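The sequence and structure follow.

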Amino acid sequence: MTQIGSEGNPLRVAVIGAGPAGFYTISNFQKFKEIHTRIDLYDRLPTPFGLVRNGVAPDHQKDKSVTRAYDKSAQQPNVRFFGNVEYGTHIHMDDLKQHYHMVMFSNGAKMDRSLEVPGEDLAGSHSATDFVAWYNGHPDYAHLEFDLSQESVAIVGIGNVAVDVARMLCMSDAERRATDMADHAVQALAKSNVKHVYMLGRRGPAQAAFTPPEIKELGELEDADIEVLADEGTLDALSQEDLDANGDKNAVKNVELIGGYAGQPLSGKSKTLTIRFLVSPTELQGDKRVSGIRIVKNELYLDDRGSIRPRATENFEDLQAGLVFRSVGYRGSPLPDVPFHEEWGSIHNELGRVTDGNGNNVEGLYCAGWIKRGPTGVIGTNKTDAQETVKCMVEDMEAGLCFSPSESAGAIVGLLQSRQPDLISYDDWSRIDAYELAAGDAEGRPRVKLTSVPDMLKVARAG
């Protein structure tokens, strides 16, 4: 047998999850010109691109342009896309070991973390994750309903996802119709009665997780005023000292923008977005459904590690809210036959090499993206993250630390077709893509998304 990675015996890699980390795995392998690879990219949806399609805000088309680079990777002759295939359902670990030298998991972290407060299970209490997937047209979430007849909404969390949710709620109908937001969401939000949105952060402006471009956009909404309470928009001495010492440019810009909102009078627009700092929810109030949220005022202190942390005071406040979205972080889900760290919500790993939980490498298994490091960073963060893992994969290939597949590279196609007759190739996806773009062009929009798998399959097969 010739050396693995040679022209006669290419390194065969299965990538589970066709989001940014999956595509950056492909592009990072392409940098090793001397190594011949065959990479199969799997996704449980018929559509590739993961959170770029189903998580990035509909009005952030520039961020979505990264898919042009992903498309080039997918079009390489040594790359195949198998869509509508779910690991653990249509293909299993034993199958992967028989067909590949290595397996990379890049399937993300889609589960939301809970608030762990009384009343969280009341009707009208939702995950921001569900709402984002709903307005982005994710097939698993397109059927959901949110009570947009409510006038007041609270969003618990102050990261970019929380900002996106607030912006979608506060946009005018014309602003939404200029995006690729799913049609069902555009129509539902057009009938919305929402007039007041609260965004609640447990720490201060200097510790906020949103980025300057995101928070700046809120002040550019056509029909929504931004409100920040003067005392909450002013830095405490501890935060100011930390900011002066660290010089974090994003934090400095965030503080500057929040300070501008704090001194800004309301102009009488039809909606108001109130950004609150140093508050935490203690209870969602209501009988059978949410009617309000009780918050406690926090103060900041330095913990034993020198980190600025919030702690509750004895000052409470009740806010009226008939709809509550929690946006306090994501976590991954366990995968069959893959060691998983329940507390962290990610795969046990060291630099992307999957470990057994005791520090021992599990030969042939790797991970990248959120399922590796947790839900941190932006799209581009996955590029260096995948680079780190691919470097380990190349080192292990050279050391002979990989599976010994017994089947040919082409045999996987027949296996998949026998288990999933509705297998989607990249050509099939290209037809779906062209259909959506044409529908969007007819309406003066970036695209009009198909939001059900049967509709996607119908368009894919029409070619």
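## Helix packing and aromatic pairs

Helix α1 packs against helix α15 (residues 381-398) at an angle of about 55 degrees, with the axes 8 Å apart. Axes are lines fitted to C-alpha atoms over the stretch in contact, and angles run from 0 to 180 degrees between N-to-C directions. Helices are DSSP runs (H or I, at least four residues), as are strands (E, at least two), numbered from the N terminus. The model is predicted: local features need pLDDT of at least 70, side-chain atom pairs count only at pLDDT 80 or more, and totals for chains, interfaces and linings use all residues. Residues are numbered from 1 along each chain as its sequence is written, and side-chain values use heavy atoms, with hydrogens and water left out.

In contact (heavy atoms within 4.5 Å), P20, A21, Y24, T25, N28 and F29 of α1 meet N382, K383, A386, Q387, V390, M393 and V394 of α15.

The whole structure holds 16 aromatic pairs, meaning Phe, Tyr or Trp (six-membered) rings with centres within 6.5 Å; planes under 30 degrees apart are stacked, over 60 edge-to-face and the rest tilted. Two of the pairs are tabulated below.

| Pair | Centre distance | Plane angle | Class |
|---|---|---|---|
| F23 and F49 | 5.4 Å | 40 degrees | tilted |
| F49 and Y70 | 6.1 Å | 40 degrees | tilted |

F49 lies in the loop between β2 and α2, and Y70 in helix α4 (residues 67-74), 21 residues apart. F49 is buried at 7% relative accessible area, and Y70 at 2% (buried means under 20%, exposed over 50%, partly exposed in between; 1.4 Å probe, protein chains only). Ring pairs link F23, Y24, F49, Y70 and W429 into a cluster.
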